[in-house]
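User: Got a model to go through with you. Can we start with the overall picture and then zoom in?
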Amino acid sequence: MSEKRNEKRLYSYIRKRLNARDNIPDIEMQDQLLKTDAQKAECFNEFFSSVFTQDDGNLPHFARRVPAELRSVTFSEHDIYETIRSFLPKMSSGPDNISTYLLKRLSSSVCKPLSLIFNSSMYRSEVPDIWKHALISPIYKSKGTKKKAKNYRPISLTCVPCRVFESIVNRRLLDFLLKNDAISRFQHGFLSKRSTATQLLTCVSSWFSAMNRNKCIDIIYLDLAKAFDSVSHQKLLQKLAGYRHRRVTKIGRSRSPKSADPDPQN
């Protein structure tokens with residue numbers, strides 16, 4: 001048992017050393033070499049902002065797809081506790097300076113207040129202002145020169161409580177969609193027990209099956225450039241409404257209520 005523990009610590013140390021990130025080098029921009037952190041930050045901010053899609057305001061018709069309806073999400077103390085405990089104890093924090101490590105250490109104490117905040121937020125269709133902010137880190141894509149801003153992708157570090165909230169909503173929404181057969185059986189990304197490995201195995205099996213029957217095979221690979229930056233929030237809400245998810249047309253600013261509003265679904 002002792003040997004296994006030592007092995008685990010050794011591999012953990014090796015992984016940390018291999019994943020160590022270098023400082024961002026000087027960035028080239030319009031025949032200029034940006035050297036200071038402030039100049040680099042401004043350059044990355046300008047580039048990341050430029051790739052966002054401007055919504056044209058047209059909402060396409062999207063018919064109802066499922067008979068059931070997901071009207072709300074209730075946040076229990078148990079769900080919040082289990083979600084917090086599932087997070088890795090990282091020391092990095094979001095704009096509120098509360099790290100995952102600290103929240104895990106206080107998980108049994110913060111579940112009650114977080115459940116009140118989360119349920120009130122869902123009922124009011126509002127979120128705390130600080131949840132709308134994030135610390136953006138440019139991560140090198142491992143291709144092309146490191147001196148070009150276009151070869152980096154932005155990683156947003158939001159508040160840990162916000163990530164707990166999102167994780168529970170995501171889980172409830174996925175459960176609802178899977179229960180109502182609203183997700184294609186060919187979908188492999190972002191699903192439990194599905195991955196690029198299961199997708200590859202499925203494809204290879206289909207290809208070999210076709211080859212054994214002397215059938216022709218046409219394979220087309222598509223990759224959407226900056227896909228997540230191109231998503232229109234209003235069109236996404238329109239699509240969610242088609243899957244019978246109660247549509248929230250606007251997320252307002254959070255007030256500071258003396259007590260959380262009761263959830264009308266309880």
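User: Of the contacts with a separation of 6 or more, what share comes from residues 24 or more positions apart?
Analyst: 68% of them. Contact here means heavy atoms within 4.5 Å. This is a predicted model: local features need pLDDT of at least 70, side-chain atom pairs count only at pLDDT 80 or more, and totals for chains, interfaces and linings use all residues. Residues are numbered from 1 along each chain as its sequence is written, and side-chain values use heavy atoms, with hydrogens and water left out.

User: How many helices and strands?
Analyst: 8 helices and 6 strands. Both are DSSP runs numbered from the N terminus: helices are H or I with at least four residues, strands are E with at least two. The order from the N terminus is α-β-β-α-α-α-α-β-β-β-α-α-α-β.

User: What fraction is buried?
Analyst: Of the 266 residues, 24% are buried. That means under 20% relative accessible area with a 1.4 Å probe, protein chains only.

User: Switching to Ser-99. Where does it sit?
Analyst: Ser-99 lies in the loop between α3 (77-86) and α4 (100-105).

User: Buried or exposed?
Analyst: Ser-99 is buried, at 8% relative accessible area.

User: What does Ser-99 touch?
Analyst: Leaving out residues up to four places away in sequence, Ser-99 touches Lys-90, Met-91, Ser-92, Ser-93 and Val-160.

User: And which backbone nitrogen does its side chain reach?
Analyst: That of Leu-102, at 3.2 Å.

User: How far is Ser-99 from Cys-159, C-alpha to C-alpha?
Analyst: 8.3 Å, with the two residues 60 apart along the chain.

Notes: Buried means under 20% relative accessible area, exposed over 50%, partly exposed in between (1.4 Å probe, protein chains only). A polar contact is a pair of N or O atoms within 3.5 Å; within protein, one must be able to donate a hydrogen and the other to accept it, and residues adjacent in sequence count only if both atoms are side-chain atoms.
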